[in-house]
Amino acid sequence: MQYDVVVIGSGPGGYVGAIRCAQLGLKTAVIEKYKTFGGTCLNVGCIPSKALLDSSEHFHNAAHTFTTHGIDLKDLKVNMPQMIARKDDVVAQNTAGITYLFKKNKIDSFEGVGSFVDKNTILVTKADGSTETISAKNVIIATGSKPTALPFLPIDKKRIITSTEALNIKEVPKSMVVIGGGVIGLELGSVYARLGTKVSVVEFLPSIIGTMDAGLGKELQRVLKKNLGMEFYMNHKVTGATVKGKTVTVKADNAKGESISLEADYCIVAVGRTAYSEGLGLDKIGITVEERGKKIPVNEHLETSVKGVYAIGDVITGAMLAHKAEDEGTYVAETIAGQKPHINYNLIPGVVYTWPEVASVGLTEEQLKEKGTKYKAGSFPFKASGRAKASIDTDGFIKVLADAETDEVLGVHMIGPRAADMIAEAVIAMEFRASAEDIARTCHAHPTYTEALKEAALAATDNRAIHI
C-alpha cells in the first residue's frame with residue numbers, strides 16, 4: 001500500500017494530524033498498536049481522569065455544600081463501580097468518535113506496532129506476530145509518552161501504581177501516597193481526597209506545580225489542604241517503597257536528610273512522563289534519540305534529521321500537552337501540503353484540573369525577573385467576584401502581567417472556578433498582542449467569572465480595579 005502520509009500513533013497529535021492530512025487531499029493511514037484509537041489522552045489520561053474529577057467533585061459538593069444551597073440529602077455514599085463504569089463509557093464514546101472521523105475522512109488504519117524498514121517503508125507487526133508493510137512518502141511519528149518509573153521503586157501495578165491503574169481502583173482507599181506534586185499527581189490525588197481518602201503528596205521541589213507561576217502553586221496547596229485535607233511533604237526525596245499485604249510503606253528524606261515513613265493503601269508514582277520512542281527502528285534510518293527523556297530531535301518544521309520523517313507531541317521536546325500535540329499535528333500536515341503554518345509556543349496554555357482549576361499562559365513573574373523585563377502586575381481575588389460568591393467558589397485569583405512600557409500582556413495566571421475555560425480569553429488576547437487596557441476596556445458580561453480577568457487587567461493598568 002502506498003500512502004502520501006503514514007502516522008504512527010493515534011493520540012491527539014496523531015489523529016488530528018491524520019485528519020488534517022486527509023482534509024488536504026493526502027492519502028493517509030494510521031498505525032495504532034492498541035485496539036482503540038486516541039492514545040493515552042482518550043484511553044488512560046485526559047478524558048478518563050476528567051470524568052473521575054467531575055464525578056468526585058459532584059460527590060464532594062453533595063457532601064459539603066449542598067446543605068448551604070438548601071439541598072438536604074440522606075445516606076450519601078460513593079458507588080465506586082458505577083463511577084468507574086461511567087468513566088469507561090465516556091472513554092468508549094470518545095474513542096468511537098475517532099473511528100467515525102477516520103471513516104468520514106477515508107483514513108485507513110492498521111492495528112499493530114509500526115517500525116521503520118527504511119524511511120519510506122513501515123513494518124506493521126500485529127498482536128498475533130503476523131506482519132505487513134506499507135509505503136509512505138512522509139511519516140509522522142506520534143507515539144506519545146508513558147509514565148516515568150523510578151529505578152529504585154518498582155511498580156507492581158497493584159499497590160504501587162501509575163496514573164493508568166489509579167483510574168480503575170474499585171473501592172475508596174482509606175489512604176494514599178502520591179509521589180510527585182505535578183499536574184497528574186494532584187489531579188488524581190484530589191479525585192480520591194474528595195471521596196474521603198487521606199492523601200499525602202511527597203514532592204522533591206519546594207513547591208507544587210513547579211513549572212507554573214509560584215503564586216498559583218502556593219494558593220493551590222493552601223486550598224487543597226483546607227478543603228480536602230491533603231498533606232504535603234515538600235523538599236522530600238523518596239528513597240524507596242515496600243509492599244506488605246495491602247499496605248505500602250514509602251520512605252523519604254527531607255532537606256535536612258532526616259527520614260520519614262508514610263503508610264498507605266496505595267502509592268501513585270506520578271513523577272512525569274517519558275517519550276515513547278523505543279521499538280520504532282529509528283536506528284535503521286539514522287535517527288538517534290536524546291539520552292535524557294528519549295525524545296526525538298526535530299528542526300523548526302518538526303522534521304527529523306531524515307527528510308520526510310516528522311515527529312510531534314510528547315515524543316519531541318516541549319510541554320507534554322494534548323493540545324500542543326494537536327497543533328503540531330495540524331502544523332506538520334499543512335507543512336507537508338506546502339503551506340506555511342505557525343505555532344507560538346509561548347502561547348500554549350497549561351491547565352491543572354483540580355478544583356479550583358489552575359490555568360496559565362505566557363511568562364511567569366519568575367521568568368520575567370530572570371529575563372530582566374520590566375513589568376507591572378495586577379491581580380483580582382475571586383472572593384470579590386459576585387458570580388463566585390453565588391456559586392460558593394471564592395478561592396483563588398487571576399493575575400495579569402504586562403510590559404511596564406508598552407502595556408502588552410506578557411502572562412496571565414489564574415486559579416479559580418472554570419479557569420480551564422477562562423484561559424482561552426487570555427490566549428486570544430495575547431495572540432493578537434493585546435494590552436492590559438485592551439482587556440480592561442472590553443465589556444464582560446455580568447455576573448461572570450471572566451469579570452475577574454477584566455478586573456485584574458484594570459489592576460495592571462494604573463491600579464484601576466473597581467470591585468476591590
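Mentor: The model is predicted. Searching the whole structure gives 2 aromatic pairs. One of them is formed by Y3 and F110, with 6.2 Å from centre to centre and 85 degrees between the planes. That pair is edge-to-face, because planes over 60 degrees apart are counted that way. Y3 belongs to strand β1 (residues 2–8) and F110 to strand β3 (residues 108–111), so the contact ties together parts that are 107 residues apart in sequence. Y3 has a relative accessibility of 1% and counts as buried. F110, at 12% relative accessibility, counts as buried too; the cut-off for buried is under 20%.

Another ring is involved in a contact with a charge. The charged end of R159 sits over the ring of Y266, and its distance from the ring centre is 4.5 Å.

On the surface, I71, L73 and L76 make up a nonpolar patch, and their accessible area together is about 240 Å². L76 is located in the loop between α3 (46–64) and α4 (80–104). With a relative accessible area of 38%, L76 is partly exposed.

Last comes an annotated span. An unreviewed UniProt entry places the feature "domain: Pyridine nucleotide-disulphide oxidoreductase dimerisation" at residues 348–457. In the model, residues 348–457 are 35% helix and 28% strand, and the end C-alpha atoms of this span lie 20 Å apart.

Definitions and conventions:
Residues numbered from 1 in each chain as written. Predicted model: local features only at pLDDT ≥ 70, side-chain atom pairs only at ≥ 80, totals over all residues. Heavy atoms only, no water. Phe/Tyr/Trp six-rings, centres within 6.5 Å; stacked < 30°, edge-to-face > 60°. Helix = DSSP H or I, 4+ residues; strand = E, 2+ residues; numbered from the N terminus. Buried < 20%, exposed > 50% of the residue type's maximum accessible area, 1.4 Å probe, protein only. Lys NZ or Arg CZ within 6 Å of the ring centre and 35° of its normal. UniProt positions renumbered as here; feature names shortened; annotations may be inferred. Patch = residues over 30% accessible without salt bridge, like charges linked within 9 Å, V, L, I, M, F, W, Y side chains within 5 Å. Areas by Shrake-Rupley, 256 points an atom, 1.4 Å probe, with all protein chains shown as cover. Salt bridge = Lys/Arg side-chain N within 4 Å of Asp/Glu carboxyl O.
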